[in-house]
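Welcome! Take a moment to look over the sequence and the 3D view before reading on.

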Amino acid sequence: MGKLKNLLKLFISIIIFGCSIVLAINIFIISETRHSFISLYDAKNLSDVDCVLVLGAGLKNGGPSDMLKERLDKAVSLYNDNNNLLLLMSGDHSKEYYDEVNVMKRYAVINHVPSSSIFMDHAGLSTYDSLKRAKDIFGAKKIIVVTQGYHLSRALYIASSLGLEAYGIDATEKVYPGQKSRDLREVLARTKDFFKSLFKPSASITGNIISLDGDGNKTNDNYVLITNNKTGSEVFTGSRDQVNNVFKLVSDGTYFEETCDGNPDYLMTVNGNKYYLEVYDDEIHIILNGKELVLDKGEAKVILNLIK
């Protein structure tokens, strides 16, 4: 009986000690990073920022989740305040039909951020991986991280431990159901990433260096980008089904030598190949290398649905 009591006391002592460690780590991370939280106004005064890192937060009905929309809206606001900024969308694209980053980019393009100003990290499988790859793969040194406040301290602590100069924008606009569960998970996640940051392992997926200089479209994979030649507005999609349908449409048709005399309404880029589009009342003309494919609007519906 005495041995059982001693074992119970030891077990309780271990639990108390472990909880104390977890609590101390969380207090330390929050206190160490609080000074790096900034407002959108403060962000205007930052110079030499390599990118705004937007962390993925899941999808909903094929679009961004509500929390991810908050992050993207803040990033778009940052871009509107300073259109010299580059956005780096970092999320999970580990499965063929689960693709956070193309959805994130499309949302930003719809909200008038040029596609060329948006880079994608298709292997941001965790907060640590996103920060590690921002430094090692994209060569970032000074960044602004956009995520909800409960998550921001951990992201900034990881960034600091990796030698990044990082500032954080709290994207929180409202409290969503399940926040208490997320807060609890975050306590454990901070503890995990505290120790991970001590050892600084490589990201789960590594790869070739991708410079943030130049055109963000170099990080596009399977995509369609349509530019209105009159207004300059853009439509972007990386949806596998939509891209495959457009690619099939422009690849399977017969192109003829004669072309229209009008000025093309749109420039459409499909996986790097450039096509000009002329849209008429009943037809759409697709021009490639001086040759023309004529389709009725029913046949070209997949493209017209993107344009509108």
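This briefing visits a few helices and then a strand with its partners.

This is a predicted model, where local features need pLDDT of at least 70, side-chain atom pairs count only at pLDDT 80 or more, and totals for chains, interfaces and linings use all residues. Residues are numbered from 1 along each chain as its sequence is written, and side-chain values use heavy atoms, leaving out hydrogens and water.

**Helix α1**
- Helix α1 (residues 2-33) has 32 residues and reaches 47 Å from its first C-alpha to its last, close to the expected 46 Å (1.5 Å times one less than its number of residues).
- Ile25, Asn26, Ile29 and Thr33 of α1 are buried (under 20% relative accessible area with a 1.4 Å probe, protein chains only).
- The buried residues of α1 pack against β1 (37-38), α6 and α7, where contact means heavy atoms within 4.5 Å.

**Helices α6 and α7**
- Helix α6 (residues 149-161) and helix α7 (residues 179-199) pack at about 10 degrees, with axes 9 Å apart.
- The two helices α6 and α7 are therefore roughly parallel (angles under 35 degrees).

- In strand β9 (residues 224-228), five of five residues are buried.
- Val224, Ile226 and Asn228 point one way from β9, while Leu225 and Thr227 point the other way.
- In a regular strand, side chains alternate between the two faces of the sheet.
- Strand β9 runs antiparallel to β10 (residues 234-237), joined by four bridges, and antiparallel to β11 (residues 266-270), joined by five bridges.
- Threonine 227 stands opposite glutamate 234 in β10, and its bridge partner in β11 is leucine 267.

Technical notes. Axes are lines fitted to C-alpha atoms, for helices over the stretch in contact, and angles run from 0 to 180 degrees between N-to-C directions. Angles under 35 degrees count as roughly parallel, over 145 as roughly antiparallel, 65 to 115 as roughly perpendicular and the rest as oblique. Buried means under 20% relative accessible area, exposed over 50%, partly exposed in between (1.4 Å probe, protein chains only). Two strands pair if DSSP finds at least two bridges between them.
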